[in-house]
Amino acid sequence: MYIPETPETVQFQARSLVTDPSPLANAKFVLDSTSVVGLLGGEQAMSAVALTQIHTQRKWLGWYNTPGENIPAVSGKGIEREMMYIDPALLYDGWSSGPVFKGIYSGTAMQETGPVASLLMKECIGISGTRINGRLTQSVNVTIAKLERNSHFQLQMKFRYIPLIGPLLPISVSLTTCALCGLYGEWYAFSMILLGILARGLTCVIIGSGNLLFVHPQSAKGSPRGDGILGCDHELVLLKGNENDVNAVTRGRFSFSFGSKHARRMVELCSFLLTTQAVAQLILVPQSNLFGQLMFVVSIAISSLYNMFSPSSDEVEIRQEIFRNVLGSRELKKFVFPNRCCAVVSLLLYSVDEKMSPVDLAKLKKIMDHFLPSGALAWEKWKEIVIERLERRQPLHFDDTHWNHQDLVSEDDRSLLKTLLEDAEVAYAAFVSNS
């Protein structure tokens with residue numbers, strides 16, 4: 001029996017109808033989905049994962065597709081063998097390190113402080129201050145922060161999260177796009193969306209099982225006062241309080257703690273899944289047809305939009321709540337001084353009290369040397385006069401006998417000393433009127 005050969009064009013069309021049933025199977029447009037995914041970032045996704053640590057219910061709402069990304073904050077070097085920590089500063093975009101700190105009496109010098117110091121510094125920058133009139137060179141802001149630890153402070157922190165309709169949007173979109181890819185045989189896109197849902201969901205559950213802890217070094221018995229100056233340049237904050245309160249600001253750290261001995265393996269599994277997803281989506285998503293790639297990009301886009309807008313507002317509230325929990329009530333008083341000399345003298349005035357020993361007062365000279373020029377004869381004589389007045393608990397009022405000093409033979413040095421002493425008087429007058 002003679003069977004005619006099927007034309008090659010007919011065979012090709014038949015294969016296309018079987019293997020490419022998706023709506024855009026014959027489209028010639030090429031979508032660079034990997035570049036699109038690179039723009040729809042994993043940073044917001046990891047930030048949203050971090051929020052599961054402090055929201056008790058949020059860890060169950062992470063079952064949606066997001067770009068794959070490694071967890072850079074995983075560290076197995078915990079205090080104890082069965083503990084491990086994840087630094088939240090690497091997950092939260094806003095938890096940066098704080099500015100430099102110089103202890104007045106303890107001698108502590110830190111080039112980098114903790115996230116609480118960063119939050120306190122941002123709060124001090126944001127408040128308005130009392131402007132002090134005087135010789136204007138370049139204004140310096142000084143904030144006096146009296147610290148008092150919250151009596152209800154808790155080492156472990158949890159916040160109640162009331163789930164709204166928000167998380168249901170990326171979850172439903174991811175599940176819908178995954179189902180559509182399976183329905184139309186877009187198996188590459190189907191597998192990548194499903195892998196993203198599973199990797200993200202498991203990561204939220206595992207990371208969310210840990211606890212957010214706040215720890216800081218405890219001061220030794222008999223330690224000197226903790227007063228110190230935070231910041232540099234034109235924004236200075238005087239921290240006043242005992243050593244433990246100041247340590248909470250300067251050395252306090254937030255850590256995600258996992259108490260199980262299997263925590264390391266579970267978190268490493270999350271990191272492996274997210275890394276595998278990142279590599280696999282670069283290889284497999286381009287193998288899918290246009291419809292599958294569109295479904296993949298749509299699921300990523302919706303989840304990225306949710307991660308971008310929802311956690312950003314949550315983070316601000318959470319940081320403020322943690323800030324209040326750690327420091328409790330605090331009194332902030334801010335001044336805007338016309339020059340740096342006035343600002344430094346003001347810091348010294350607010351640091352001095354009646355219980356200070358002569359040794360403590362001698363340490364004030366080091367603070368002046370740290371923030372002001374040293375070595376010049378007029379500057380050294382000015383510091384000597386101011387420190388002597390503070391030691392004797394005398395007001396900072398001066399006359400021509402002070403700047404016409406016998407050690408100053410140059411008229412320029414005497415004129416400079418007179419100018420610096422007038423700056424000290426301005427700072428003292430502001431101190432008296434605002435005490």
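Analyst: Keep in mind that this is a predicted model. It has an open sheet of 7 strands, in the order 4-3-9-10-6-12-5, with mixed pairing.

User: Which are the edge strands?
Analyst: Those are strand 4 (109–110) and strand 5 (130–131), and each of them pairs on one side only.

User: What packs on the sheet?
Analyst: Helix 10, residues 340–351, packs on it. The helix touches strand 6 (140–147), strand 9, strand 10 (235–240) and strand 12 (330–337). Its direction makes about 5° with that of strand 10.

User: Back to pairing. What holds strands together in general?
Analyst: Strands of a sheet pair through backbone hydrogen bonds, and the pairing is either parallel or antiparallel.

User: So are strand 3 and strand 9 parallel or antiparallel?
Analyst: Antiparallel: strand 3 (residues 101–103) pairs that way with strand 9 (residues 228–232), over 3 bridges.

User: Which residue in strand 9 is the bridge partner of Lys 102?
Analyst: That's Ile 229.

User: Where is Asp 233 found?
Analyst: In the loop between strand 9 and strand 10.

User: And what about the phi of Arg 393?
Analyst: Arg 393 isn't a glycine either, yet its phi is positive, about 60°. You'll find Arg 393 in the loop between helix 13 (377–391) and helix 14 (400–403).

User: How exposed is Arg 393?
Analyst: Arg 393 has a relative accessible area of 39%, so it counts as partly exposed.

Methods
Residues are numbered from 1 along each chain as its sequence is written. This is a predicted model: local features need pLDDT of at least 70, side-chain atom pairs count only at pLDDT 80 or more; totals for chains, interfaces and linings use all residues. Side-chain values use heavy atoms; hydrogens and water are left out. Two strands pair if DSSP finds at least two bridges between them. Helices (H or I, at least four residues) and strands (E, at least two) are DSSP runs, numbered from the N terminus. Contact means heavy atoms within 4.5 Å. Axes are lines fitted to C-alpha atoms, for helices over the stretch in contact, and angles run from 0 to 180 degrees between N-to-C directions. Buried means under 20% relative accessible area, exposed over 50%, partly exposed in between (1.4 Å probe, protein chains only).
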